[in-house]
Amino acid sequence: MTTDTASLATRSAAFLDYLDGYVQNLQPASLDGLIASAGGPEGVAMVVVDLVGGFCTEGALATPRLGRLVGPVGDLYDAGWEAGVRRYAVMRDAHHADAPEFAAFGPHCVAGSGEDKLEPELARRPWAADALDVPKNNLSAFADEGPFRPWVEECVASGTRVIVVTGGCTDLCLYHAALGLRLWANARNQSLRVIVPANLADTYDLPVEVAAGIGIMPHDGDLVQAMFLYHLHLNGVEVVSEIVH
């Protein structure tokens, strides 16, 4: 623990400047380029994380920051479908009524409540009907005894070399999805590119004064967003500004 009496903001000013520049200087990737690098559309998979009602449009944890992602994510994944990509997975919180996670975040996205459903604008997209459905009772689909890990194993065994991950939250479920994929591949010496476009990932914002008034922990959305994009990149996930299509 530091003995420096200066505030964290003062001690970390240089790093915060770096972090701001890091986000501002992220570079785009092209969908065509990703497909080509994977040897064709059969080498690409796309995962959308938690763009469900309970985080986008209704319930205690809904935030416009995630709601704004729905249309652009749908458009990118439509472009992938039109280019021949056929491997899609939809992760969605679908909690038990007594989920331990509620102690940290409060009740949300209870299975069968409607909050656990993929946003309608995405559900009607051409790829959605064929996407792997991944309901989960915690932040990480890798920790669930569900279909995601076997799907990843089958994808990679069948030639998937690029997985695009979008949605939210950048520091919570999306983080565990993208980093989980990266660590799974590292542990097996698998050549797998895990890509997060920063414009299609976001988290919630809860100002200090608002959090104090309701007795929960604050959450600076902009700082947390930048920090976790950086941390994903630090751990080998490819973070790009956007995927042009």
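**Close-up 1. Phe15 and a nonpolar patch on the surface.** Phe15 is partly exposed, because its relative accessible area is 31% (buried means under 20%, exposed means over 50%, and partly exposed lies in between, with a 1.4 Å probe and protein chains only). This is a predicted model, in which local features need pLDDT of at least 70 and side-chain atom pairs count only at pLDDT 80 or more, while totals for chains, interfaces and linings use all residues. Residues are numbered from 1 along each chain as its sequence is written, and side-chain values use heavy atoms, with hydrogens and water left out. You will find Phe15 in helix H2 (helices are DSSP runs of H or I with at least four residues, strands are runs of E with at least two, and both are numbered from the N terminus). Phe15, Leu16, Tyr18, Leu223 and Met227 together form the nonpolar patch, with about 410 Å² of accessible area. Two elements, helix H2 (13-24) and helix H12 (221-234), each give two or more residues to this patch. H2 supplies the largest share, three residues. Here is how such a patch is defined: its residues have over 30% relative accessible area and no salt bridge, and nonpolar side chains (Val, Leu, Ile, Met, Phe, Trp, Tyr) are joined within 5 Å, like charges within 9 Å. A salt bridge is a side-chain nitrogen of Lys or Arg within 4 Å of a carboxyl oxygen of Asp or Glu. Accessible areas come from the Shrake-Rupley method with a 1.4 Å probe, and for residues only the protein chains shown count as cover.

**Close-up 2. Thr170 and the residues it touches.** Look for Thr170 in the loop between strand S5 (162-168) and helix H10 (173-187). Thr170 counts as buried because its relative accessible area is 0%. Its side chain makes a polar contact with the side chain of Gln225, at 2.5 Å (a pair of N or O atoms within 3.5 Å; within protein, one must be able to donate a hydrogen and the other to accept it, and residues adjacent in sequence count only if both atoms are side-chain atoms). Leaving aside residues up to four places away in sequence, Thr170 touches Tyr175, Ala201, Asp202, Thr203, Gln225, Phe228 and Leu229 (contact means heavy atoms within 4.5 Å). Cys169 is also in the loop between S5 and H10, and the peptide bond from Gly168 to Cys169 is cis, with omega near -10 degrees.

**Close-up 3. Asp50, a residue with positive phi.** Phi of Asp50 is near 60 degrees, and this residue is not a glycine. Asp50 sits in the loop between strand S2 (44-49) and helix H4 (53-56). Asp50 is buried because its relative accessibility is 1%.
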